[in-house]
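Here's a quick tour of one model, taking in its inside, its backbone and its surface. Have the viewer open while you read.

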Amino acid sequence: MSGVFLAILIIVIIFFIFNNLNNKIRKLEKEVFDLNLKINQPQQDAAAQQQPVSNEEIPIPHQIRETVTPIENTPEELPSTPQKDWLEPVFNFLKQNVLTIIGIFTLVLGIGYFVKYAIDKNWIGETARAGIGLAVGAGIMLTGHFLRKNYAVFASIITGGGIAVLYFTTTIAFREYHLFTQNIAFVITTLITIISILLAYYYRSEVLIIFALLGGFSAPLMISTGQSNYLFLFTYLTLLNIGMLTIAFLKNWKSVGWTSYIFTCIYLFSWTVKQPELLSIVFYIINYIIFYIFALQDYFKKNILSVWDTLMLVLINFSSIIGLIYIFNTLSYEPIIIFPLLFATANAFLLLKEYGKKNFGFSYSIFAALTISLITVAAALQFKAHLITSVWAVEASLLLYIWKKSGHSIFKTCFYVLFPLVIIAQIMTWSEYLNKENLGIIFNPVFLTSLVTVTTTIINLFLLKKINEARKQDDSFFENLFAVVSYTVIYVALLLEITYHISDMPWPAITSIGLLFSIYYIFILLLFKKKLGIESIIQTGLIYLFLILIALNASFAASAVVTAVLEKKLTSGFYMIHLLHWAPFIYMLWNTASSSDFYKTKISYWMISIVLVIAISCGFYHTYILSSVDDISLVYKAQEHFNILYLPIIWTVLASIFIYISLKRNIPEYSRIGFVLIGIMVLKLYSYDVWQMDNISRITAFIILGIILLLSSFTFQRLKNIIKNMVDKKEENPKD
């Protein structure tokens, strides 16, 4: 028992010390207040003497009144004032009250440990333990009540701590000691919640009502016995949310609604996943109405929509759709589009209301966007598109649109958080290509889902471009990153659909068609680069990728196609289809000069030259093989013949062309490329080819090669002389 007396003695000493310090603080506050009065009084008297005329007697010209009249932002205008960080009030509250929060938490733990110590020593029985806990909780709340006038926030946190003690005491009394039944425990926790809400309303304390809601939503978990009585649970939660809605309307406390929404979603989604049933649809609809009204409270009162109200509208619409459609899909009910259309009708009603008032402002844009988005989701679901991917994709575009209309960064943040989730969900959807069989062309769930994602991605690109133009922001990194990801999503969606439907063809055909699609996809992007607003750095990257794909298609893919043709797996006509890569390649060769950034580095000249050499050499080689060989066993002999006889001639001609272009356009890099190619060809000729030829072929190759080299040298010298004469003439007649 000595421990008890020691604890009581310490508490009494602490009380006296606190009381003494509190009296001193109040005395100092009074002295400071009196001192401020003495200092400010002479200044106020002097100001009154210097300003005999009051503000009311000064006439204000009509022009000045018009000048200082506040101008309201039109819907299309962007807010000019810098936005405050929405987390700043939270951090300020924590900084100012962190000691109080830690203190009440520590006190609750201390009381808990003391009770545990008393229990271990068998000082008190089970009923007495619960009584002590309830008494301590009530005592803490009473302490907060007496402190509320001078220390409002401190008193709210103290009272919240007392509420927490009451909740935990009730839970322990029911779970551990079995002092009363579940129904009595539920009644006690409900009474604690009601008292807490009434105290919060009476004290006008938003902090206290948050404590009350946390306890109210935690109460079912505290007194749960593991048996799922969802009807009873959600009836209780609905009553709690109605009370929240009433408080929110009376006090305009937005944090109350958001706290309730988060906990309600957790309970609803847990029920939906664990035990989907028709009864849950009723509570989804009820909670949709409650939180929809909560989001529109300022709209009903002041005809405005704030940032957080708009975000709540988006979340309550789409979170409800996800839960309801999941239930319908799981239970195989139809039609699944009834809920998106029902919610779209609710938003369309408000849209028509705004339209009837000829008010085409921010509220009109939000209701229109919500209506269109919900109808889009309904159409996607009607064609059996995947739920989560489609809803998230449409929701991401909606958030981006609202960001464009409002300018509030919270929607930008939500968009950047949601868009990666859309990509992850879409990748999971694409994985179904591996498991599904006999999917229809285009009209299949996987591709229709991809189509929704592709459409919203294109809209996102357009909106993001407009946003950056309107705000004149230099956000090129994220914009370029988003553009690359978006174009990749579109590309993969189309490529996988094509690949799935040609999966029965030989592998060389699949590879060739995939490469051809990739080449033409990049070609179309580069062709419409100005209309798409593709940045120069992305253009350069696309050109490099285009050249790599051309080289792969002309070499490895072409070899596989030729082998398949010789093995009678493909027809020779397919090889002609394979050569379709030459059309965009020739166009790109003539128009790469229009991309000024591409030729900023010397490696670009080498890259395009190497790809050209590979494409031409492999093209002639594969055509020669198909035209001269009918049996695959004879390929090696034909290959040796081509490499020894025809390849040096092709390289020599290409080298001469490179040198000619270098002299014609004054691009020294092409000369280096030409001479390097000649050097490789000569080295190959003298080190290998000449020893593999018969006498006639050797003579023919040397004669033809010699003639080409002499003609190239003659052309080179002639162009050199022409250029020299032009330079001399220009020096003699500088005016010309």
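Helix α9 is the top contributor to the lining of the largest cavity, giving 5 residues. Helices here are DSSP runs of H or I with at least four residues, strands are runs of E with at least two, and both are numbered from the N terminus. A word on the ground rules: this is a predicted model, where local features need pLDDT of at least 70 and side-chain atom pairs count only at pLDDT 80 or more, while totals for chains, interfaces and linings use all residues. Residues are numbered from 1 along each chain as its sequence is written, and side-chain values use heavy atoms, with hydrogens and water left out.

**Inside**

A cavity, on a 1 Å grid over the protein atoms alone, is a set of points where a 1.4 Å probe fits but cannot get out, and its lining residues have an atom within 4 Å of a point. Points are joined across faces, edges and corners, and the volume is the space filled by probe spheres set on them. That gives 3 cavities of 30 Å³ or more, and the largest has a volume of about 70 Å³. Its lining includes Tyr261, Phe269, Tyr284, Asn287, Phe291 and Ser320. The elements giving two or more residues to this lining are α9 (254–274), α10 (278–295) and α12 (307–331). By type, the lining has 8 nonpolar residues, 4 polar and no charged. Nonpolar means Ala, Val, Leu, Ile, Met, Phe, Trp, Tyr, Cys and Pro; charged means Asp, Glu, Lys and Arg; the others, Gly among them, are polar.

Which peptide bond is cis, with omega near -5°? The one from Glu334 to Pro335, and Pro335 sits in the loop between α12 and α13 (338–356). For accessibility, buried is under 20% relative accessible area, exposed is over 50%, and partly exposed lies in between (1.4 Å probe, protein chains only).

**Surface**

Val187, Leu191, Ile194, Ile195 and Leu198 make a nonpolar surface patch of about 460 Å². Patch residues have over 30% relative accessible area and no salt bridge, and nonpolar side chains (Val, Leu, Ile, Met, Phe, Trp, Tyr) are joined within 5 Å, like charges within 9 Å. A salt bridge needs a Lys or Arg side-chain nitrogen within 4 Å of an Asp or Glu carboxyl oxygen. Val187 belongs to helix α6 (residues 182–203) and is partly exposed at 46%.

Note on methods. 1 Å grid on protein atoms, 1.4 Å probe; cavity = no way out; pocket = protein on both sides within 12 Å on 5 of 7 lines; lining within 4 Å. Areas by Shrake-Rupley, 256 points an atom, 1.4 Å probe, with all protein chains shown as cover.
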